[in-house]
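Thanks for coming. I will take one structure this morning and go through a few parts of it in turn. Please have a look at it first.

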Amino acid sequence: MVIGASGSGKTTFCLYLAGYFCRQGKRVAWIDADPGQSFIGPPAAFSLGLYSSAAELLKSKPPLIMGFIGNVSPVGHLLEAVTCVQKIYNKALELGPDLVLINTCGLVNGGAARELVYHQIDMLAPRYVIAIERKNEVEHLVSPHAHRAGLLIHRLPVSPDARVSTSEARKAAREQRFKEYFRGADFQDISLSDVGVHGPGLGTGERLGFRDINQLSKILSSIVVHAELSADRLFVITDGDYSEEEQYTARERYGVREISVITRSELDYLLIGLNDDRNLCLGLGIIRDIDLKELTMRVITPLNDVSAVRNIALGSLRVNPAGKELGQW
Ligand SMILES: Nc1ncnc2c1ncn2[C@@H]1O[C@H](COP(=O)(O)OP(=O)(O)OP(=O)(O)O)[C@@H](O)[C@H]1O
Ligand SMILES: [Mg+2]
């Protein structure tokens, strides 16, 4: 497992190591656990590649499997970042590789980085952690594991030739990868009765009727188009703005702990994971419409058969099929 700050040379080192092993006739499973500057699959997902020749490393091969993270940074999606890397690792082992290489993202500072790396190392129990650092940028991430059985921590200095790119350049690189991923994508309709949904609440509660919709519209000073009530949460979709202060009134009225309100425009262009029955990601999608009467979701996706989709995970980034990031919700 390779860790280091942005631009420290993690991907370059992984390429070097994978190439070295391939030239020895070994098979290398590469887990791309960087949802930002991804190397194998599209951004916002982790992916797995299997390589047996150095030449293959430079060709862009479609990932063998993917796990949907939901955003181009793991912040806000730490559980996905830990569970996906473990699920992909389990799949990688089934392929019987000689080496499993895990490339991580450049998030090294702050509580989220500490939690993420701590738990990823804990779950995966790697034999080697390669810490690439200029000075001591990742010491706080490896020191909690200093006494872990079976773990060897190698510290490598950052190459003097390594270049840190600007956040604009990183965004442009992500947008280019999204664009390539969605090239040739088409519309698909998915019936929400065929899938489970993981997100702010859609499909998790009892659908409220006309009378409640009217009442909620009044309380929230908005046009409520859909509402669901579950034991812990009221989930509401509005058409246009709503009164944020009155959310609490609505929550009290229905006697639930939480309320989650999302506008139709926040759902439009939302990036989603189209996942299979094991919740591995078959492909990314972009929401373009939710027909709340028929309970169908119209998405843009390069997947040309969505019949195996059993779970939809809503991300937190909006992106268009030309790759442009439209912001978070
Ligand atoms: N050992 C090296 N020799 C020459 N150039 C290097 C070396 N390591 C990194 N670079 C260059 O520095 C830049 C950043 O390297 P790389 O993309 O491997 O870093 P990274 O840690 O994966 O960054 P990110 O967190 O953005 O994914 C690249 O342009 C790469 O070619
Ligand atoms: Mg990288």
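First, some ground rules. This is a predicted model, in which local features need pLDDT of at least 70, side-chain atom pairs count only at pLDDT 80 or more, and totals for chains, interfaces and linings use all residues. Residues are numbered from 1 along each chain as its sequence is written, while chains are lettered from A and ligands numbered from 1 in the order in which they are written.

The protein chain is divided into domain 1, residues 2-164, and domain 2, residues 185-329; these bounds come from an automatic or database domain assignment. Taken over C-alpha atoms, the centres of domain 1 and domain 2 are separated by 32 Å. Twelve residues from domain 1 and ten residues from domain 2 take part in the contact between them. By contact I mean that the C-beta atoms of two residues, placed from the backbone, lie within 7 Å. On the side of domain 1 that touches domain 2, strand β4, residues 65-68, gives the most, with four residues. That side divides into seven nonpolar, four polar and one charged. Here Ala, Val, Leu, Ile, Met, Phe, Trp, Tyr, Cys and Pro count as nonpolar, Asp, Glu, Lys and Arg as charged, and the others, Gly among them, as polar. Helices (H or I, at least four residues) and strands (E, at least two) are DSSP runs, numbered from the N terminus.

Now the ligand. Which residues come nearest to ligand 1? They are Gly9, Thr11, Thr12, Gly106 and Ser159, out of 15 residues around the ligand. A residue is near a molecule or strand if its C-beta atom, placed from the backbone, lies within 6 Å of it. The shell around ligand 1 consists of one nonpolar, ten polar and four charged residues. Helix α1, residues 10-23, gives the most to this shell, with three residues.

Let us stay with α1. This helix has 14 residues and reaches 20 Å from its first C-alpha to its last, close to the 20 Å expected at 1.5 Å a residue; the expected span is 1.5 Å times one less than the number of residues. Lys10, Phe13, Cys14, Ala18 and Cys22 are the buried residues of α1. Down the axis of α1, these buried residues fall within an arc of 165°, so they line one face of the helix. The arc is that of the directions from the helix axis to the C-beta atoms. A residue is buried if 20 or more other C-beta atoms lie within 10 Å of its own, exposed if 12 or fewer, and partly exposed in between, with C-beta atoms placed from the backbone. Tyr16 and Arg23 are exposed, on the face of α1 turned away from its buried side. The buried residues of α1 pack against several elements, including β1 (2-4), β2 (28-33) and α2 (54-58). After α1 comes Gly25, with a positive phi near 80°.

α7 is followed by Ser221, whose phi is positive, near 50°.

Next, two loop residues. Most residues other than glycine have a negative phi. Asn279, in the loop between β14 (270-275) and β15 (281-291), has a positive phi near 65°. Asn279 counts as partly exposed because it has 17 C-beta neighbours inside 10 Å. Leu295 also has a positive phi, about 55°, and lies in the loop between β15 and β16 (296-301).

Last, two strand residues. Asn275 lies in strand β14 and, with 23 C-beta neighbours inside 10 Å, counts as buried. Ile290 is in strand β15, and with 21 C-beta neighbours inside 10 Å it counts as buried. Leaving aside neighbours within four places in sequence, Ile290 is in contact with Leu267 and Met297.
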